[in-house]
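Please open the model in your viewer and keep the selection tool at hand. The tour moves from the whole chain to single residues.

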Amino acid sequence: MPTPTHTPLMPSPLPLAETAAAPAVRPYQQYVYAYPHKTAYRPLRRERASLRDLWANEPKDSLSLYFHIPFCEVRCGFCNLFTRIGAPDGLTTAYLDALERQAIAVREALGDGARFTNAAFGGGTPTFLEAAELERLCDLAEHVLGADLTAIPLSVEASPATATADRLAVLAARGTTRLSLGVQSFVDSEARAAVRPQRRADVEAALARIRDAGFPVLNIDLIYGIEGQTEESWRTSLDAALAWQPEELYLYPLYVRPLTGLGRHRDRTAAETARDEAAWDEHRLRLYRHGRDHLLARGYEQVSMRMFRRADAPATGGEDYTCQTDGMVGLGCGARSYTSALHYSFDYAVDMHRIRGIIDAYVARSVDDFRHADFGWEMNGDEARRRHLLQSLLQAEGMPVADYRARFGTAPDDDFAAELERFRARGWLDDSAGPEVLRLSPEGLAHSDALGPELFSAAVRARMAAYEPK
């Protein structure tokens, strides 16, 4: 994949007359999909991180299962996920062997009575695996860990190039209820600007194969804020996606992060950076609002800042699982797991050489090596409150105050008075929801990536600030 020689960070400069004043709070600070972020994790003492001890007193009747596959055919310019390009001969087999050893250790730690109520394969690109390897992955979930994939929701991520008919047939037969395709843009020039080499014709062909395979839910990922993207070209991608009537659409703002393909080409002064990013923030906000309104007008409901779901989309189950309170079991070297006392994973990196080293170390592990956690963050009551509020508030339906009070014995306005008052003052909370529901306003949803980080604890902020990107 060629490295860009230009600076693919910004949309084309806007005329001064069209550039709005910079918002008081930068709207695009950090995507908070889990709390705390892995950059807050640190090495754990082995004697304190036995998986058997960690899970001994945890409720295990409603667990989420996640398999991480850290391979992609290419690495997009914006990507900071834990993944490597390609796999030398034998590496995917060795990785699946290691996954099996880890699954054995995890099953032993969970003991009897563990019940999975949803599952997901992510990455990376799970469909980088060949059809027979995907069969083996499903076998690990079912026969080693005891997850009945045909009876619970199973979500799988794919790319256009790897969404081949044989792979899709395996996933459909094994119970996949949701197939998520990373498209990002249907405009070829925008895909190139994002360092994502693909042609629209190939994307359309992949979507046809996915629809033919019969998955109940198709999700399409799109990105706004790509260099050269306009409202017109953004609408082109939205309409191209809508033509397939996807049950779900995710609209992601483009971020440029350290050590990514785009992040390596930032040669601007501080003044230039501030001016450019203020204009970029405004541009992304306009595109977000345009995309949101476009989907709402076409029968989609907003679930979060990023997620939109077709109003008549089928339910796929999984209502037993609650992300705020139930545990997650992650397998694979980029996966994380959650207990009430500890969030844990393996080492984290973005740099390709460091990722390769972590994968090589992972595939060399024995079953015994998998019986303890390596890196993590110990949870306490304050952090549990922050996580519950974050994960609830960032959903469009909001948070029933009674649920929070039942779990913690306090009200969110007692625990987060200063933060919630700031949010109210900015118009980010929907006061019409009444005192028993804490819900974001449309403007609050638009600023989710600013609101979320304001709820981070001082300890998490300090850990994240001390983290050295690698």
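This is a predicted model: local features need pLDDT of at least 70, side-chain atom pairs count only at pLDDT 80 or more; totals for chains, interfaces and linings use all residues.

The stops below begin with the whole chain and then turn to strands, a cavity and backbone geometry.

Residues are numbered from 1 along each chain as its sequence is written, and side-chain values use heavy atoms, with hydrogens and water left out.

**The whole chain.** Display the protein chain as a cartoon: its secondary structure comes to 16 helices and 17 strands. Helices (H or I, at least four residues) and strands (E, at least two) are DSSP runs, numbered from the N terminus. Of the 470 residues, 57% count as buried; buried means under 20% relative accessible area, exposed over 50%, and partly exposed in between (1.4 Å probe, protein chains only). Among contacts with a separation of 6 or more, 79% are between residues 24 or more positions apart, contact meaning heavy atoms within 4.5 Å.

**Strand β2.** Next select residues 63-69. Seven of the seven residues of strand β2 are buried, so the strand is largely enclosed by the rest of the structure. Leu63, Leu65, Phe67 and Ile69 lie on one side, and Ser64, Tyr66 and His68 on the other.

Which strands pair with β2 in the parallel sense? One is β5 (residues 116-123), over seven bridges, with Tyr66 opposite Ala120. Another is β12, over four bridges; there Leu65 has Val329 as its bridge partner, and Phe67 stands opposite Leu331. Two strands pair if DSSP finds at least two bridges between them.

**Strand β12 and the cavity.** Stay on β12, where Met328 and Gly330 on one side and Val329 and Leu331 on the other are all buried. Gly330 leads to the next stop. A search of the whole structure finds one cavity of 30 Å³ or more, and about 130 Å³ of space lies in the largest cavity. Of the 15 residues that line the largest cavity, the closest to its centre are Leu51, Gln102, Gly330, Tyr344 and Phe346. The elements giving two or more residues to this lining are α2 (91-110), β12 (328-331), β13 (336-338) and β14 (342-345).

On a 1 Å grid over the protein atoms alone, a cavity is a set of points where a 1.4 Å probe fits but cannot get out, and lining residues have an atom within 4 Å of a point. Grid points are joined across faces, edges and corners, and a volume is the space filled by probe spheres set on the points.

**Before β1.** Select Pro36 and His37, both in the segment before β1 (42-43). The peptide bond from Tyr35 to Pro36 is cis, with omega near -5°. His37 is buried, with a relative accessible area of 14%. Leaving aside neighbours within four places in sequence, His37 is in contact with Gln30, Arg336, Tyr348 and Met464.

**Further backbone geometry.** Most residues other than glycine have a negative phi, and most peptide bonds are trans. Go to the peptide bond from Gly123 to Gly124, which is cis with omega near 20°; Gly124 lies in the loop between β5 and α3 (131-144).

Gln184, in strand β7 (residues 178-184), has a positive phi of about 75° and is buried, with a relative accessible area of 9%. Gln245, in the loop between α7 (231-242) and β9 (248-253), has a phi near 50° and is exposed, with a relative accessible area of 54%.

Technical notes. On a 1 Å grid over the protein atoms alone, a cavity is a set of points where a 1.4 Å probe fits but cannot get out, and a pocket is an open set with protein on both sides within 12 Å along at least five of seven lines; lining residues have an atom within 4 Å of a point.
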